[in-house]
Amino acid sequence: MSSDILIEVKDLHKSFGTGKIHALNGISTTISRGEVVCIIGPSGSGKSTFLRCLNLLEKPTSGQIIFEGDDLTDKKVNLNLHRQRMGMVFQQFNLFNNMNIMKNLTCAPMKLKKLSKAAAEAKAMELLNRVGLADRADAYPYQLSGGQKQRVAIVRALCMEPDVMLFDEPTSALDPEMVGEVLDVMKELAAAGMTMVVVTHEMGFAREVAHRVVFLDEGKLLEQGTPQQIFGNPQNERLKSFLAKVL
Amino acid sequence: MFEKLKAEFIFNFIEGDRWKYIVNGLGVTLQVTFFALLLGTVIGVIVASIRSSYDQTKDDLRPGPWKVFLTLLNGLCKLYLTVIRGTPVVVQLLIGYFIIFVSSTNTVLVAVLVFGINSGAYITEIIRGGIMSVDHGQFEAGRSIGFSYLQTMQLIIIPQAFKNVLPSLANEFIALLKETAVCGYIGLMDLTKGGDVIRGRTFSAFMPLFAVALIYLLLVIIFSKLVGILERRLRRNEQ
C-alpha cells in the first residue's frame with residue numbers, strides 16, 4: 001500500500017433542512033491509493049452521507065473534498081469529469097431499468113469516454129465474465145436476482161475504469177444467500193489493488209479485507225485503525241458498545 | 001326501413017357532393033389535432049423540464065444569475081399552467097382568433113396554436129408526473145457515473161418517464177381530438193362543422209351527426225389500438 005493520497009477530506013460538515021439535523025460534524029481523513037477503507041457505525045451515524053459527499057451526490061455544507069488534487073467543492077471544478085473516475089455502487093443497485101445489461105455497461109464508456117461500441121462491449125464482456133454473468137448480457141435488470149444486479153452494478157462502475165470505488169451498503173438489500181457472491185467480487189477487487197471506500201454492516205468483510213476501519217457516530221469520526229485495532233482493541237466507549245451489539 | 005336509410009344517406013352525402021364536407025372536415029380536424037399535439041408535446045417537454053429541474057435543484061443552486069433566471073422561468077411556467085388550465089378552451093380559441101392573432105388569415109394555424117398551447121399545459125403536468133414517477137436512484141446512478149443533468153434526463157429518466165405516461169398521453173390526445181370540435185366557433189370547417197353544415201342544408205339531423213360521431217369513434221378506437229401495441233412493446237423490459 002503506497003502512501004499516495006487519493007482523496008483528502010477536510011473538516012466536512014453536512015446539515016439537512018434548515019440546519020437542525022447535523023449529519024456530519026467536521027470529519028477529516030485521507031484515503032490513499034490502493035487502500036480499502038471500511039466505514040462502520042450505527043444507523044443514522046452519517047456513514048452513507050459521508051460516502052455520498054465524496055462524489056458530491058450530497059453537497060457538503062462546508063469543508064473540502066480534495067480528489068486527485070482538485071477540490072470538488074470548488075464551483076469551478078467540472079464535477080462530471082471527476083465522477084467518471086469515482087465508481088459508485090448503491091444499496092438499491094440502481095441499474096438503468098430501460099436498458100439491458102450490456103447497454104447498462106457500455107452507455108457511459110461510449111458517451112463519456114468516446115469508446116467505440118466494439119471496445120466498450122469487449123471490455124464489458126471481459127468484466128461480466130469475471131463476475132460470472134457473461135450469459136446475462138442481453139437480460140434486463142428485472143430479470144436478475146439481487147445478487148446478480150449488484151454484481152452488474154459493480155461491473156458498470158468498473159467499465160469506467162475508476163480510480164476509486166465507493167460502496168454504499170452494497171449488501172444490505174440482498175437476501176442472505178446472495179451476500180456472499182457480492183462480497184466475493186469485492187474481495188477480488190480489493191486483492192487487485194482497487195481503492196475502495198465501503199460503508200458496510202458486514203463486520204466479517206471489514207475485518208478480512210479492510211486496511212483501515214473507520215468508526216462514525218453522530219456525524220463524528222470517533223476512531224479509526226487497522227481491523228486488528230478496531231475489532232481487537234477498541235478504545236472509544238461508543239465503539240465498544242457498538243461492537244458488543246453487532247459482533 | 002333499409003330503403004329509407006339508403007335514401008337518407010344518398011340525400012345527405014351523395015347529392016351535391018355533400019360528402020366532401022365530411023372528408024374535408026376530417027382533414028382539417030386531423031391536421032389541427034396532429035400539429036396541436038406536436039406543438040403541445042414540445043411545449044410540454046420544455047415546460048416540464050424547467051419545472052422539474054427547478055424543483056430538483058433549487059435547494060442546491062448557489063445564488064447568482066442562473067438561479068434568478070431559473071426561478072423567473074419557473075414562475076412564468078407556473079403562470080402559464082394556471083391561466084391555460086383555468087380558462088375554457090373555447091374562450092381561449094375566441095381570444096386567439098379575435099384578439100391575439102386577429103391579423104392572421106390562416107384560421108387552421110390559429111386553431112393549431114391555440115390548441116397546441118392549451119394541450120401543452122396538460123402535457124406538461126403529465127410529463128412532470130412521469131419524471132417524478134421514476135425512482136430517484138436512477139437519477140443518482142446516472143449522475144454518479146459522470147453523466148450531466150441533461151444526459152441523465154435524456155438517456156435514463158425520460159425514456160422511463162415516457163413509458164409511464166403513455167396511457168395519460170394517449171388520453172390527452174383523445175381529449176384533444178374531440179376538443180377540436182369547437183373549431184367551428186372561429187369559422188373553421190372541421191369535421192363537426194362539416195356535419196353541421198350538411199344538417200343545415202338538408203334539414204336532416206340524424207345522418208350527418210351520427211356519421212360525424214361514428215368517425216370520431218373510429219379514430220379513437222384505431223388510435224387506442226395503436227397505443228396498446230406501442231405500450232406492449234415498451235413493456236418488454238419490465239416486470
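Predicted model: local features only at pLDDT ≥ 70, side-chain atom pairs only at ≥ 80, totals over all residues.
Local features need pLDDT of at least 70 and side-chain atom pairs count only at pLDDT 80 or more, while totals for chains, interfaces and linings use all residues; side-chain values use heavy atoms, with hydrogens and water left out. Residues are numbered from 1 along each chain as its sequence is written, and chains are lettered from A in the order in which they are written.

**Helix pair**

In chain A, the axes of helix H3 (residues 101–112) and helix H5 (residues 146–158) come within 8 Å and cross at roughly 25°. That makes H3(A) roughly parallel to H5(A) (angles under 35 degrees). The crossing is right-handed. The residues in contact (heavy atoms within 4.5 Å) are tabulated below.

| Helix | Contact residues |
|---|---|
| H3(A) | Ile101(A), Asn104(A), Leu105(A) |
| H5(A) | Val152(A), Val155(A), Arg156(A) |

The contact residues of H3(A) with H5(A) divide into 4 nonpolar, 1 polar and 1 charged.

**Largest pocket**

A pocket is an open set of points on a 1 Å grid where a 1.4 Å probe fits, with protein on both sides within 12 Å along at least five of seven lines; lining residues have an atom within 4 Å of a point. The largest pocket holds about 1,700 Å³ of space and is lined by 49 residues. Lys59(A), Thr57(B), Asp60(B), Leu61(B) and Arg143(B) lie nearest its centre. Elements giving two or more residues to this lining include strand E1 (5–16) of chain A and helix H7 (149–179) of chain B. H2(B) supplies the largest share, 7 residues. By class, the lining has 21 nonpolar, 14 polar and 14 charged residues.

Notes. Axes fitted to C-alpha atoms, helices over the stretch in contact; angles between N-to-C directions. Helix = DSSP H or I, 4+ residues; strand = E, 2+ residues; numbered from the N terminus. Parallel < 35°, antiparallel > 145°, perpendicular 65-115°, else oblique. Left-handed = near helix turned anticlockwise from the far one by under 90°. Nonpolar A, V, L, I, M, F, W, Y, C, P; charged D, E, K, R; others polar. Points joined across faces, edges and corners; volume = space filled by probe spheres on them.
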